[in-house]
Amino acid sequence: MTTDRLPSPAITSTRYRQVLGQFVTGVTVVTAMPDDGPVGFTCQSFGALSMDPPLVLLCPGKGSTSWPKVASTGRFAVNLLAQDQIAAARGFAVRGSDKFAGVRWSAGGFSGAPLLSGALGWLECEIATVHEAGDHWIVVARILDLAAATGRLPLTFFRGTLAGLGAPPPGPGGRS
């Protein structure tokens, strides 16, 4: 059986960003502690993957200069940014700067990775596997430890803009 197919439309980077920019994401900073000092980068391609075993995934770009340093340690932290951490999100997104200048943090107990003060939460992780996918890597990681703050709102990324949410979160479990 044959089917008539319409030709695929051209998917330009502008169109890709415009359409996927409609999807709200949280914003994280991934950190690690290699021998030469702390390293980190802003990452919005992050998500939950599995509860049993507890796994997450993140997708650093192949052009990242920070990811190879993070990967070399085998362990890292994912810091879930709060709405008042726009400066941190921007600072960790810039190449070649001292990303930790003026940033308060403590070392994670399992990874030694920087856990940023004021974050909504953090996860210490160990790399399980890395897959090549286009111009990014898909990193699957085991969660070693995690914690969350309460009463704070997340930093979000929507239509190319970093912003917080306007209303306080509902009661426990997302229910009013």
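## Basis and overall make-up

A contact here means heavy atoms within 4.5 Å. Among contacts in the chain between residues at least 6 apart in sequence, 63% join residues at least 24 apart. The model is predicted, so that local features need pLDDT of at least 70 and side-chain atom pairs count only at pLDDT 80 or more, while totals for chains, interfaces and linings use all residues. Residues are numbered from 1 along each chain as its sequence is written, and side-chain values use heavy atoms, with hydrogens and water left out.

The chain has 3 helices and 12 strands, both taken as DSSP runs numbered from the N terminus (helices are H or I with at least four residues, strands are E with at least two). Its C-alpha trace spans about 60 × 45 × 35 Å along the principal axes. Of the 176 residues, 32% are buried, where buried means under 20% relative accessible area, exposed means over 50% and partly exposed lies in between (1.4 Å probe, protein chains only). The chain exposes about 10800 Å², with carbon and sulfur atoms supplying 57% of this area, as computed by the Shrake-Rupley method with a 1.4 Å probe.

## Strand pairing

Two strands are said to pair if DSSP finds at least two bridges between them. Strand β6 (residues 75-80) runs antiparallel to strand β2 (residues 28-32), to which 4 bridges join it, and β6 also pairs with β9 in the antiparallel sense over 6 bridges. Asn79 takes part in both pairings: Val29 stands opposite Asn79, and in β9 the bridge partner of Asn79 is Trp122.

Elsewhere, 3 strands form an open antiparallel sheet in the order β1-β11-β12. Its edge strands are β1 (25-26) and β12 (161-164), each of which pairs on one side only. Strand β11 (residues 155-158) is joined to β12 by 4 bridges, and Leu155 stands opposite Gly164 in β12.

## The surroundings of Cys125

Cys125 lies in strand β9 (residues 121-133) and counts as buried because its relative accessibility is 0%. Leaving aside neighbours within four places in sequence, Cys125 is in contact with several residues, among them Val56, Phe76, Val78, Ile143 and Leu144.

## Salt bridges

With a salt bridge defined as a side-chain nitrogen of Lys or Arg within 4 Å of a carboxyl oxygen of Asp or Glu, the count comes to 4.

Lys62 forms a salt bridge with Glu132, with the closest N and O atoms 2.5 Å apart. This pair links distant parts of the chain, 70 residues apart, with Lys62 in the loop between β5 (54-58) and α2 (67-73) and Glu132 in strand β9. Lys62 counts as partly exposed at 32% relative accessibility, whereas Glu132 is exposed, with a relative accessible area of 59%.
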